[in-house]
Amino acid sequence: MRHFDELYAIAADRKGGPDALEDLIPRPDPNVTALPEDRWLSLFTKGIFQAGFNWKVIENKWDGFEEAFHGFDVDRCAFMHDEDMDRLMANTAIVRNGPKIRTVIDNAHFLQSLREQGGAGQVIGGWPSTDFIGLLEMMKKNGSRLGGMTGQYALRFAGRDAFILSRDVTARLIAEGVIDKQPTSKTAMKSVQAAFNTWMFQSGRGLTEISRVLAFTL
């Protein structure tokens, strides 16, 4: 496995130099722990609806989603019932996918359950980056449709420090001998986390920055 400096040099060479590369690297939001729980629910829902669907369509309809789900107020969404489902399934301002609509209710309950631990911002935003796979596993287990890439993208869009195992990032991890295929097992994910932890130690950077640098090496 190459030292992070070597990988950074490869990415910089491909993108026109260090300055050009730095302009392309996003940074996590230092205030992510203060993100209100309604925004977590909104971002989770957007990620779920974008999965397997045209992202631009979802983005164009998002104002309709915000209105239909009462600004993603967690308590109101948690208490939606059959009449609400009927209303939503007839609402042309949103994408009328019943199973995905129901995830709003389930994930509202999930976010409510985090309140006794300090709330979504503290638990999700404050989860150590050195155990990011633990956060992903917790969300997959306790949330609805928040596993895999959906959870990774939602966390990145929330401003939380996060890696995304995109095609290019996965290809680089394979090239470095970290894994031998798309990581799906717990053992493979532990290897991914260990590699990122090593690169974080070497570089002083977080998961988001390292993930993007890896993607730009190919």
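The chat below goes through a core, a pocket and a cavity.

Q: What kind of model is this, and how are residues numbered?
A: This is a predicted model, where local features need pLDDT of at least 70, side-chain atom pairs count only at pLDDT 80 or more, and totals for chains, interfaces and linings use all residues. Residues are numbered from 1 along each chain as its sequence is written, and side-chain values use heavy atoms, with hydrogens and water left out.

Q: OK, how many residues are in the largest nonpolar core?
A: That core has 68 residues, and F69, F163 and L173 have the most contacts inside it. Helix α13 (residues 186-203) gives the largest share, seven residues. A nonpolar core is a set of buried Ala, Val, Leu, Ile, Met, Phe, Trp, Tyr and Cys residues joined through side-chain atoms within 4.5 Å. Helices are DSSP runs (H or I, at least four residues), numbered from the N terminus.

Q: What does F69 touch?
A: Not counting residues up to four places away in sequence, F69 touches C77, M80, L88, I94, I101 and V104. Contact means heavy atoms within 4.5 Å.

Q: Switching topic: what is the volume of the largest pocket?
A: About 420 Å³. On a 1 Å grid over the protein atoms alone, a pocket is an open set of points with protein on both sides within 12 Å along at least five of seven lines, while a cavity is a set where a 1.4 Å probe fits but cannot get out; lining residues have an atom within 4 Å of a point. A volume is the space filled by probe spheres set on the points, which are joined across faces, edges and corners.

Q: Which residues lie nearest the pocket's centre?
A: Of the 16 lining residues, those are L136, E137, K140, T184 and M189. Helix α10 gives the most to this lining, with four residues.

Q: Is L136 buried or exposed?
A: L136 counts as buried because its relative accessibility is 10%, and buried means under 20% relative accessible area with a 1.4 Å probe, protein chains only. L136 is in helix α10 (residues 132-142).

Q: And what does L136 touch?
A: G151, Q152, L155, F163 and M189, leaving out residues up to four places away in sequence. The C-alpha atoms of L136 and Q152 are 7.5 Å apart.

Q: Last one: what lines the largest cavity?
A: Its lining is L43, K46, G47, Q50, Y153, A154 and F157. The largest share, four residues, comes from α3. About 30 Å³ of space lies in this cavity.

Technical notes: Helix = DSSP H or I, 4+ residues; strand = E, 2+ residues; numbered from the N terminus. Buried < 20%, exposed > 50% of the residue type's maximum accessible area, 1.4 Å probe, protein only.
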